[in-house]
Amino acid sequence: MSSSRKHILQQVKANRAAEFELPSLDQDWQTFGDPLERFCEVLTSTGGNSLRVNDLASANEWFEQRISGNADSQTISLVEGVGRSTLELDQLETPQELSGLDWAILPAEFGVAENGALWVTDINAKHRAVYYLCEHLVLVLPASQVVHNMPQAYERLAGFATDDTPPFGCFIAGPSKTADIEQSLVIGAQGPRSLDVLLIV
Amino acid sequence: MSHATAAREFIADSQRTKWHDETIWFVRHKRDLAAASVPEWELLRSTASAIKRHTLSRLDEYLEQFEQNAIRHGIKVHWARDAAEHNEIVLKLLKEKGVTNIVKSKSMLTEECGLNPYLEAAGIEVVDTDLGERIVQMRKEHPSHIVLPAIHIKKEEVGELFHEQLGTEAGAADPNYLTEAARNHLRDKLLNAGAGLTGVNFAIAETGGIVVCTNEGNADLGTALPPIHIASMGIEKLIPRLEHLGVFLRLLARSATGQPITAYSSHFHRPREGQEMHIILVDNGRSGILADEDFNRSLNCIRCGACLNTCPVYRRSGGHSYHATVPGPIGSVINPVRDPAKFESLPFACSLCGSCSEVCPVKIPLHHQLYALRGVIAERGLLPLSKRAPLWFATAVFRRPWLYRAGGRMARMVLRCLPRALVYNRLNPWGRQRELPVVPEQSFRRAYADRQAKRSK
Ligand code: SF4
């Protein structure tokens, strides 16, 4: 195996393409007059839904209404004060036990106005599958935490993947979807069927 | 088989050809809208292109840096010189853990390596979890597009397939209903898989991690559930730093489907607790292409599929007519560069319209390369007789002005009374889709001379 490593590296070194400078990323990237407004607009276009609420109590009210009539739905919440967990994520041995989970209410770290994406990590989520295996995902985000564009997003992420940062992070933009059958957009492929973003203003 | 021969079957059904063309043009149109919504689109393209070209000029350093960081994070790194070695590594890892069923998210590299049939022959159940890939897998076919694997299949055909294999209602063809059936089927496979395989969209030297982009979330489920994650990547997938993702993620989905970003862009940097994570770095001819100054920029490709969607030949001939893992303009470059004898016809499946170079987010000069490849193929004597003979004839005529003049005179006379059967027959493929123009009274040379004479009066 290590002989292949040596061989590939030797080949690559011997065959290097001509020297080419690394460009500067310090450019005038797209920004928006009202990034929050733009974030909500793009999120809608990705099939997601956003709602501005004043505090966690109103977020909770919204959620109670959203699930009304489904008293027996399974929920996991990692946002204190919003929803009630019927399962404890930390207590589950395997991620497979999340199967059948209806709702997951989880915090997002920040949002990106240009594409409506939200950054989430598994730092407090023992099983990261919770983001993907739930039927419906609710992300909670302080409205102040919306950056303009992806270059700014990565500025915020500088240092990600150094030793004490989470091993896993993901930009989530809208619910799971596919257009593999004749290009007809269908929401809810393998992952969640809906994404609600609660913006705490 | 030549591209033209393989395409014949596809275009025989003209309704279907038209449908295919229009469906894919729709995707190209969405790409245009997305590109136009970013004011600095051209700056993004040139930045992305420069980052990739820089990476290729130091690829060995970045590979070593990537490996070091990945290992530091507890990821196991493997190196494979070719497809066979890649497949062996995968099988060995599965055998060690006694895994007999795996789920895969989209990876053109494993297609290239022929991983599925290899594992199946060893008794392993392999399930592609991307819906399009699952459809072609169930039909025992290959993807016809690198981003939209089942773009050539109609919903009625999916309905029939699912009726037979998943027990959906006979005659049902509603995409919502069919996707729901696939969801249940695939979730079941995902929950019970012994290992998850993914491709890699970007690998970051600085952090030793990888990024995988999907819309369905299947790569996430396929790695968040099973106890092993194996990622297969071509060595050209590297970028130097995390911040460079801020350029590439802005380009990828917009170029591919017109979305501002894929629904899930997952950054994997360490195994989950109790999980094993492996990355296989695959060469399989890439280091050879690197040495080729004329064509090594093809390694910059981020597999967005935009050049396929815009290509008038691809849209009308279908992906399978290329007989290669990667079809379309980029496929017509990388396949003949690796194996000119096998893929001699692909650079000719091109009208040189230049549209592919125009849309490519990393600015690969695709149509220039396709043109240059024609020269390479001619030089190596790989042109078929049907192309060689007319070229030989044209060379002979153009070398001798008198012969050219005489030929023109004769043609103007003869063409007027030529029986159609002489032009439109089986021996002349040129006549198949064309009408000859009406023959002018006098030659161009004559008309030009007359005009000059009139002017000087
Ligand atoms: S060559 Fe360019 S346009 Fe074509 S798939 Fe690759 S990156 Fe996309």
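Colleague: Which residues of chain A does the UniProt annotation "domain: LUD" cover?
Modeller: According to the UniProt record, an unreviewed entry, that domain covers residues 90-200 of chain A. Please bear in mind that the model is predicted.

Colleague: What are the helix and strand percentages over residues 90-200 of chain A?
Modeller: The chain is 34% strand and 10% helix over that stretch. The C-alpha atoms at its ends lie 26 Å apart.

Colleague: Turning to chain B, at what angle do helix α19 and helix α20 pack?
Modeller: The angle between α19 (residues 385-399) and α20 (residues 401-417) of chain B is about 110°, and their axes are 5 Å apart. Angles of 65 to 115 degrees count as roughly perpendicular, so α19(B) is roughly perpendicular to α20(B).

Colleague: And which residues meet there?
Modeller: From α19(B), B:Ala396, B:Val397, B:Phe398 and B:Arg399 meet B:Pro401, B:Leu403 and B:Tyr404 of α20(B). By class, this contact has 6 nonpolar residues, 1 charged residue and no polar ones.

Colleague: Now the interface: how many residues does each chain contribute to the contact?
Modeller: Chain A gives 74 residues and chain B gives 99. The area buried between the two chains is about 7,400 Å², with 59% of that coming from carbon and sulfur atoms.

Colleague: How many salt bridges does the rule find across the interface of chain A and chain B?
Modeller: The rule finds 11. A:Arg5 forms a salt bridge with B:Glu64, where the closest N and O atoms are 3.7 Å apart.

Technical notes
Residues are numbered from 1 along each chain as its sequence is written. Chains are lettered from A and ligands numbered from 1 in the order in which they are written. This is a predicted model: local features need pLDDT of at least 70, side-chain atom pairs count only at pLDDT 80 or more; totals for chains, interfaces and linings use all residues. Side-chain values use heavy atoms; hydrogens and water are left out. UniProt positions are given in the numbering used here, feature names are shortened, and annotations may be inferred rather than shown by experiment. Helices (H or I, at least four residues) and strands (E, at least two) are DSSP runs, numbered from the N terminus. Axes are lines fitted to C-alpha atoms, for helices over the stretch in contact, and angles run from 0 to 180 degrees between N-to-C directions. Angles under 35 degrees count as roughly parallel, over 145 as roughly antiparallel, 65 to 115 as roughly perpendicular and the rest as oblique. Contact means heavy atoms within 4.5 Å. Ala, Val, Leu, Ile, Met, Phe, Trp, Tyr, Cys and Pro count as nonpolar, Asp, Glu, Lys and Arg as charged, and the others, Gly among them, as polar. Buried area is the accessible area (1.4 Å probe) that two parts lose on being put together, summed over both. A salt bridge is a side-chain nitrogen of Lys or Arg within 4 Å of a carboxyl oxygen of Asp or Glu.
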